[in-house]
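Please look over the sequence and the structure before reading on.

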Amino acid sequence: MGKEGLPDDYIGREQAYIKHKILESYLKRLFMIVGRSKADVINFVDCFAGPWQEGDKFLADTSIGIALKQMESCKKQLDATFGRNVKFRALFIEKEEKPYTRLKTFLSENHYPTIVAECIHGEYAKSSEEIVNWCKEGFTFFFVDPKGWLNVSDLRPFLAIRNSEFLVNLMYDFINRFVTQFDQKDRMSDIFGETPDFLQDALPEERQSKLLTLFRKNLNKTYDGRSAFVRIEKPGHNRILYYLVW
Ligand SMILES: C[S@@+](CC[C@H](N)C(=O)[O-])C[C@H]1O[C@@H](n2cnc3c(N)ncnc32)[C@H](O)[C@@H]1O
């Protein structure tokens with residue numbers, strides 16, 4: 001443990017610690033609620049899996065390790081408390097060679113034998129048909145955690161899946177730099193559903209709130225459900241780094 005209770009593996013990336021804590025507690029509740037009554041099969045899809053900046057050899061400080069651990073623990077609890085034998089499946093997609101090899105090796109070590117875990121090498125959008133097919137049975141949770149750009153059009157095949165939930169990282173600080181740039185119009189209208197030129201002279205708070213509203217509305221053009229969000233600030237600054245929208 002480092003200063004103020006922060007685990008050593010997260011020093012210098014405090015924002016990832018917050019993100020992972022939110023992911024962990026969200027999954028814990030969701031899996032128990034869905035597994036108790038709604039689904040016999042629960043799927044987890046990590047569209048931007050990594051591992052990325054990992055410090056722990058069991059990947060406990062990555063979305064991969066966190067998801068697998070929660071799946072295993074909820075599977076046991078569902079069985080012990082409610083007599084529910086829920087099948088848990090995980091699918092991790094990673095574009096880059098090096099992290100993919102690390103991911104594949106980790107999964108082959110089979111640290112979570114009760115979970116069916118698979119991985120795909122490549123860009124998730126290029127495998128969307130395969131991923132949608134993979135999710136055919138049961139309930140699916142998607143974790144969408146890019147380093148920068150996000151194409152909402154790439155997410156639409158998944159957003160259309162009825163029995164699903166999402167946690168999406170909108171990299172606000174990064175995207176905000178390009179919002180009013182003419183050469184980014186197409187990208188902006190993909191993310192926000194329109195070109196937000198009208199924000200040219202907006203104050204930062206107004207811009208944040210309008211962009212977030214547009215983003216959520218844009219997701220809801222395909223996703224049939226409600227959304228909420230939490231803002232993650234840059235450590236030590238009063239400045240938004242990203243929004244987690246679910
Ligand atoms: C922010 S990191 C993921 C961190 C991880 N979700 C976590 O919380 O531990 C983003 C990862 O996505 C990968 N990536 C980037 N674009 C991708 C794409 N289109 N499809 C699949 N993976 C992608 C990157 O190589 C990187 O490893």
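How many helices and strands does the protein chain have? The protein chain has eight helices and seven strands. The model is predicted.

**Overall dimensions**
- The radius of gyration of the protein chain is 18 Å, close to the 18 Å that the globule rule gives for 246 residues, so the chain is as compact as a globular protein of that length.
- Along the principal axes, the C-alpha atoms of the protein chain fill a box of roughly 55 × 45 × 35 Å.

**Packing of helix 1 and helix 2**
- Two packed helices are described by the angle between their axes and the distance between the axes.
- Helix 1 spans residues 14–38 and helix 2 spans residues 63–82.
- They pack at an angle of about 30°, and their axes are 9 Å apart.
- Angles under 35 degrees count as roughly parallel, so helix 1 is roughly parallel to helix 2.
- The crossing of helix 1 and helix 2 is right-handed.
- Helix 1 contributes H20, L23, E24, L27, K28, F31, M32, G35 and R36 to the contact.
- Helix 2 meets them with S63, I66, A67, Q70, M71, C74, Q77, L78 and F82.
- By class, this contact of helix 1 with helix 2 has ten nonpolar, five polar and three charged residues.

**Loop between strand 1 and helix 2**
- Strand 1 covers 41–46, and P51 is found in the loop between strand 1 and helix 2.
- A cis peptide bond joins G50 and P51, with omega about 15°.
- L59 lies in the loop between strand 1 and helix 2 as well.
- L59 is not a glycine, yet its phi is positive, at about 60°.

**Ligand shell**
- Which of the 16 residues around the ligand come nearest? They are F48, T62, S63, K95 and E123.
- The shell around the ligand divides into seven nonpolar, three polar and six charged residues.

Definitions and conventions:
Residues numbered from 1 in each chain as written. Predicted model: local features only at pLDDT ≥ 70, side-chain atom pairs only at ≥ 80, totals over all residues. Near = placed C-beta within 6 Å. Nonpolar A, V, L, I, M, F, W, Y, C, P; charged D, E, K, R; others polar. Axes fitted to C-alpha atoms, helices over the stretch in contact; angles between N-to-C directions. Helix = DSSP H or I, 4+ residues; strand = E, 2+ residues; numbered from the N terminus. Parallel < 35°, antiparallel > 145°, perpendicular 65-115°, else oblique. Left-handed = near helix turned anticlockwise from the far one by under 90°. Contact = placed C-beta atoms within 7 Å. Rg over C-alpha atoms; globule rule 2.2 N^0.38 Å.
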